[in-house]
Structures are given as structure tokens and as C-alpha cells.
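User: I would like to go through this model and ask what stands behind each label. Please set the values against the definitions.

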Amino acid sequence: MTAREPGGPRYAPYANGRFALAMGLVALDPKDWIDADDRRAAELQEKERLLAANRKAVFDDLPGSEAAQREVLVILLENLERHHPGLVGVEDGTVTVRETGKSYGLADFSDHALDLAGRLVQEDFCLMRPGEEGYVLHAASLCFPARWKLAEKLGQPMMRIHERVSGYAERLGRPVDRFFEHLRADKPVQRLNWSLVDDPALFQTGGKFRTAEDAGITPENAGDRLWLRVERQTLRRLPESGDILFTIRTFVDPLSCLEARPDLAAALRASLDQMPEGMQLYKSLPPFRDALDRYLERVSSRAA
Ligand code: HEM
């Protein structure tokens, strides 16, 4: 298990100081598929709370996805046993999360195994199945959405899922669809995605395309009023069903974590400068764009 480092964020996809709308896929070693850190217990408890409050908002599936869901759970349990021994225990048809002591009967989840998979690790899981218009979201355990609603995406193909993402249809749609067709079970991949948000909650279903200025966020307090939200996403083909499994691991850190890394503050500022307006709007940056820029300018000037 990895401890959060005091010296800055774990992942900094803006570190090269450029912004490009790209697939950005790199090979993934199976031992690095699942990423557990010291927020694990708190995040698993948060998942339980969300599931108890409104399960359909964070777990949903379409008929016919049951076998592929079970395939995911088997792969996950094998991976945990091999690469993360000690996170969960499996005995007599029961899985127990070591840190929280919470136990689950495997039989209780036989038709919704993706729900159980999501309760065992910090990752969210989306199951994608080939359809007439490309891969379709068929089932998801999605406790930590980055400002989107599962109900609006379930049953939709990739192009439609991404329809409000600025530039996706023109730049990414076809390459992504082609990549999905050719993805091999033995060649999993990962990519990173980042945003800045004015709310640290992991579960957020709305808040894109905001424009009204937030006068409460200033260059002085931006470090504590804004958060870096990074998603580490992975993709792998499931060998039995042929479906694709998409995982999302979300990291939220106060923007002030960059005070330990003025170089990254400078890189983030440069990336934001290059980000097209449509993308800035999609990410709801306008309400605090000026305060953010002045804050990053001040922090990055310490690099010299
Ligand atoms: C290679 C694969 C993929 C690429 C390159 C990609 C790319 C992107 C990009 C660039 C964004 C905008 C995020 C931001 O910068 O804030 C986005 C958002 C999103 N992606 Fe993907 N994505 C991929 C796979 C998937 C998959 C498999 C799903 C399945 C659920 C998915 C669901 C979403 C959703 C729901 C959003 C938010 C859309 C909205 O705000 O309406 N993505 N994706």
C-alpha cells in the first residue's frame, strides 16, 4: 500500500507543461492495475455510504451483463491475492475487507458481481460491450463520478457518452473506437486525466460548464479552495466475455500541495494557458480562472 507523499501529488499529468487532447495510453503492468493507498479505508466507507443512500446512482447494470461482471470479480480477486495480499481475505464463500472488517457473501452478489468488486478497492469499474455504434456502457460501479450521471450514460456508446466533451468527436472519437476494437486481453493500458475543481467531494454528478465568477476564490486562498482531481484510468479486454473493462481511480488533493513543487505549479499554469476555451468551459474553469492563474504564478515564482 502506498502512502500519500507530503512532497506533492502522486500523479501530475500536466507536468510537461503542455495541453493536448490525446488518448495518452501507455502499457500497464498487471501488478500496478489496482492502486491502494492510505485513504483506502475512508474511501471504501464512503462507497458503502453512497450505495446505502442511493444504490442506483452509483451502481447500475443492463440485463445480460451478469457473466461478464462475475468475470471481473474473479480477475480482481486473483489480482489482489497475487499483488496485494492482505487487502481482502476470501474464505468459505465470504470476502472480508481487512481494514474495515466488512464481509460480503459471494452468493449475495452472483448477479451483480461488479457491485461487490467496487466495494473491495478504491477503483470504480465500467463494463463496455460491443454494440452497433461502438462500445456501450453495460454495467458500472461508479461511486466517484467526475461531474456526470450514470443514468445518463448507461446503455450509451462511447461517442454519445463523450458528446459534451469539447473536441472529443473531432479528435478522439474514431481513434478511441478503433483502439477498442483491437485491444488485446494480454495488453492492458492506462491513461491519466486531470481537472481542477472547487469541491473535494469524490461523488459529483453535476457542475460542468459553469461560467459565473466565484468572487470567494481569490489568489490568496485558491490553494485551499481548489482541488486537483486526477483520474488514473485503465482498460483491459476480458478474455471470456470479450467485453472491455474500464477502471477509474480518483485522486483529489488540495491545490496547495503544489507549494512543495513550484516546478509543477509552473507546468500546470502553462498547460492551462494552452487549454482551448471550449475545454476550459467544459471543465468549469471560468469561475476561478484569474484567481487560479495568479495563485500559480506566485507559487511557481518560488522555483527560480
Ligand atoms: C481511450 C479511452 C478514453 C479516452 C481517450 C477518453 C477521453 C475522455 C476525455 C478527454 C474526457 C474529458 C475529461 C476532462 O478532461 O475533464 C472524458 C470524459 C468522460 N469519459 Fe472518457 N475517455 C475514454 C474512455 C472512456 C470510457 C471507457 C468511458 C466509459 C464509461 C468513459 C466515460 C467518460 C465520461 C462519462 C466522461 C464525462 C463526460 C461528460 O462530462 O458528459 N471514457 N473522456
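User: What makes β6 and strand β10 a pair, and in which sense do they run, parallel or antiparallel?

Analyst: First, this is a predicted model, in which local features need pLDDT of at least 70, side-chain atom pairs count only at pLDDT 80 or more, and totals for chains, interfaces and linings use all residues. Residues are numbered from 1 along each chain as its sequence is written. Two strands pair if DSSP finds at least two bridges between them. Five bridges link β6 to β10 (residues 244-254), so the two count as a pair, and the sense is antiparallel. Met-128 stands opposite Ile-244 in β10. Strands here are DSSP runs of E with at least two residues, helices are runs of H or I with at least four, and both are numbered from the N terminus.

User: How do you know that β6 also pairs with β7?

Analyst: Seven bridges join these antiparallel strands, and the hairpin between β6 and β7 passes through two residues. Pro-130 has Tyr-135 of β7 as its bridge partner.

User: Why are β1 and β2 called edge strands?

Analyst: The open sheet has seven strands in the order β1-β8-β9-β10-β6-β7-β2, with antiparallel pairing. Its edge strands, β1 (26-27) and β2 (59-61), each pair on one side only. For β2, the partner is β7 (residues 134-141), joined over three bridges in the antiparallel sense; Asp-60 is bridged to Ala-140 there.

User: Which residues are closest to the ligand, and how many surround it?

Analyst: The ligand is surrounded by 19 residues, the closest being Met-23, Cys-126, Trp-148, Val-165 and Phe-246. A residue counts as near if its C-beta atom, placed from the backbone, lies within 6 Å of the molecule. β6 (124-131), α6 (168-182) and β8 (189-197) each supply at least two residues of this shell. By class the shell has 12 nonpolar, three polar and four charged residues, where Ala, Val, Leu, Ile, Met, Phe, Trp, Tyr, Cys and Pro are nonpolar, Asp, Glu, Lys and Arg charged, and the others, Gly among them, polar.

User: What angle and distance describe the packing of helix α8 and helix α10?

Analyst: Helix α8 (residues 262-274) and helix α10 (residues 289-301) pack at about 145°, with axes 8 Å apart. The axes are lines fitted to C-alpha atoms over the stretch in contact, and angles run from 0 to 180 degrees between N-to-C directions. Among the contacting residues are Pro-262 and Leu-268 of α8 and Leu-296 and Val-299 of α10, contact requiring C-beta atoms, placed from the backbone, within 7 Å. The contact comprises six nonpolar, one polar and three charged residues.

Conventions. Two residues are in contact if their C-beta atoms, placed from the backbone, lie within 7 Å.
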